[in-house]
Structures are given as C-alpha cells and as structure tokens.
Amino acid sequence: GYRLADGVNPPAFTVTVEGARIAGLSETLPVDDYFALKSAIEDFNTNATDNRTITVYNSIDIGPSFEITNQSCILTIRGATGGEVLNYNRGEGLFTVSNGAHLQLEDITLKGNTQSISHAVDVNGGKLTIENGAVLTSFIGGYGGAIYINGGELTMNGGEISNNQAIYRDLGSRSGGGGVFVENGGSFVMN
C-alpha cells in the first residue's frame with residue numbers, strides 16, 4: 001500500500017459514484033423553484049435514509065406550506081449564496097416540523113407577509129436548528145411571530161429572528177412571543 005510521509009496532507013479529490021450512493025454521506029439537491037423544492041422535500045420525507053441538504057438557487061414564493069416528517073435524518077435547507085429568500089405566499093406558514101423530524105436552516109431568508117397571520121416554522125415535537133446566515137423576518141402570528149414551538153426544540157447557533165410580531169387572535173392568555181413562542185415542554189437554546 002501507499003503511505004504519505006509524516007506531516008504531509010493528502011490532496012483534495014472528488015469521488016464520483018454513478019447509480020449508487022455512499023452510505024453516511026449527506027446528499028445535496030439543487031432547487032430553483034417551488035415545484036423542485038416540493039419534490040425534494042417529499043422525496044426526503046419518503047425515501048431519505050441519510051441526511052440531505054437542499055440548496056436553493058433562486059428566491060421562491062411558498063404556498064402552501066411544507067411538512068417535514070422524516071424521523072431518521074436531518075434536512076438542511078440552505079441558500080446557494082446567502083441572498084436567496086423563501087417568501088410566504090399563502091397557507092399555514094412555510095414549514096411544519098413534525099414529531100421526531102429535524103429541519104436545519106442556513107444562509108437563507110424566510111420572509112413573511114405582514115398582511116397574513118402565519119408563522120415561518122411550526123415545530124410540533126420536532127427539532128429546528130438555525131445556523132449562520134438564516135434570517136426569519138416579517139411574520140405575524142397569534143403566538144410566536146416567526147416560530148411556534150409546541151413540545152419541540154429550537155437551537156439557534158447563529159442567524160437572526162427579527163421584525164416579527166405576535167398579535168391577539170382570540171387566543172385567551174396564549175398571545176405573545178413576537179419572535180418565538182414555546183409551550184408544552186418545548187425548549188429554545190441560543191448558543
């Protein structure tokens with residue numbers, strides 16, 4: 001066999017595999033419109049056995065929302081350059097993270113519509129991780145302007161939650177949390 005001398009770093013290289021995947025590696029899927037994003041998320045929910053990254057190459061209007069249901073892998077949605085925007089168009093917000101599922105956002109903006117009441121992300125027993133470059137802005141919700149956590153987990157390792165608001169909407173004492181609202185044993189950790 002071959003061996004590199006001590007202190008010598010191996011050169012970078014690319015491995016191309018056709019017709020098969022290498023177990024344990026994260027798969028990256030490029031998308032540039034609503035239907036490609038919808039298809040990539042549906043395929044992740046149904047078929048993914050390893051973590052996946054969806055890289056968004058254009059700003060996209062979203063409506064209706066997407067539900068993340070796969071409980072065995074992490075789905076990362078990131079912008080290609082950091083300037084991409086997922087715009088709330090209609091429906092019940094942008095994303096719902098179901099019990100046991102995990103969504104990670106990085107280098108992408110989720111932008112609300114100040115004319116409609118909706119969250120950017122509803123975390124219903126799942127996990128949401130916000131990384132550097134992720135921005136959640138301009139959402140209005142009855143509880144949790146940008147993010148509603150119902151028994152789930154939010155970890156913020158970077159990014160920004162700004163210019164969101166919670167409004168009273170016949171919710172009794174449950175109105176509040178302009179950026180984030182946490183209830184039913186949920187958690188919000190900022191690192």
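Contact here means heavy atoms within 4.5 Å. The structure shown in these views is a predicted model.

**View 1. Leu86 and the residues around it.** Setting aside neighbours within four places in sequence, Leu86 is in contact with Leu37, Val56, Ile60, Ile62, Ile77, Leu94, Phe95, Ile108, Thr109, Leu110 and Lys111. Leu86 is also one of the residues that touch the most other members of the largest nonpolar core.

**View 2. The largest nonpolar core.** This core holds 41 residues, and those touching the most other members are Ile77, Leu86, Phe95, Leu110 and Ile147. Helix 1 (residues 34–47) gives the most to the core, with 5 residues. In soluble globular proteins, nonpolar side chains tend to be buried together.

View 3. The strands follow the order 4-7-10-14-18, and their pairing is parallel. At the edges are strand 4 (66–68) and strand 18 (180–183), each of which pairs on one side only. From one strand to the next, the twist averages 10°.

**View 4. Strand 10 beside strand 14.** Strand 10 (residues 121–123) pairs with strand 14 (residues 147–150) in the parallel sense, over 3 bridges. Val121 has Ile147 of strand 14 as its bridge partner.

View 5. Helix 1 lies across strand 4 and strand 7 (95–97). Helix 1 runs at about 25° to strand 4.

**View 6. Asn164 in its loop.** Asn164 is found between strand 16 (160–162) and strand 17 (165–166), in the loop that joins them. Its relative accessibility is 15%, so Asn164 counts as buried, the cut-off being under 20%. The side chain of Asn164 reaches two backbone atoms: the oxygen of Leu136 at 3.1 Å and the nitrogen of Phe139 at 2.8 Å. Beyond its neighbours within four places in sequence, Asn164 is in contact with Leu136, Thr137, Ser138, Phe139, Gly145, Ala146, Gly178 and Gly179.

**View 7. Thr137 in strand 12.** Thr137 is found in strand 12 (residues 135–137). Thr137 counts as buried because its relative accessibility is 12%. Not counting residues up to four places away in sequence, Thr137 touches Thr109, Leu110, Lys111, Gly112, Ser162, Asn163 and Asn164.

Notes. Residues are numbered from 1 along each chain as its sequence is written. This is a predicted model: local features need pLDDT of at least 70, side-chain atom pairs count only at pLDDT 80 or more; totals for chains, interfaces and linings use all residues. Side-chain values use heavy atoms; hydrogens and water are left out. Helices (H or I, at least four residues) and strands (E, at least two) are DSSP runs, numbered from the N terminus. Buried means under 20% relative accessible area, exposed over 50%, partly exposed in between (1.4 Å probe, protein chains only). A polar contact is a pair of N or O atoms within 3.5 Å; within protein, one must be able to donate a hydrogen and the other to accept it, and residues adjacent in sequence count only if both atoms are side-chain atoms. A nonpolar core is a set of buried Ala, Val, Leu, Ile, Met, Phe, Trp, Tyr and Cys residues joined through side-chain atoms within 4.5 Å. Two strands pair if DSSP finds at least two bridges between them. Axes are lines fitted to C-alpha atoms, for helices over the stretch in contact, and angles run from 0 to 180 degrees between N-to-C directions.
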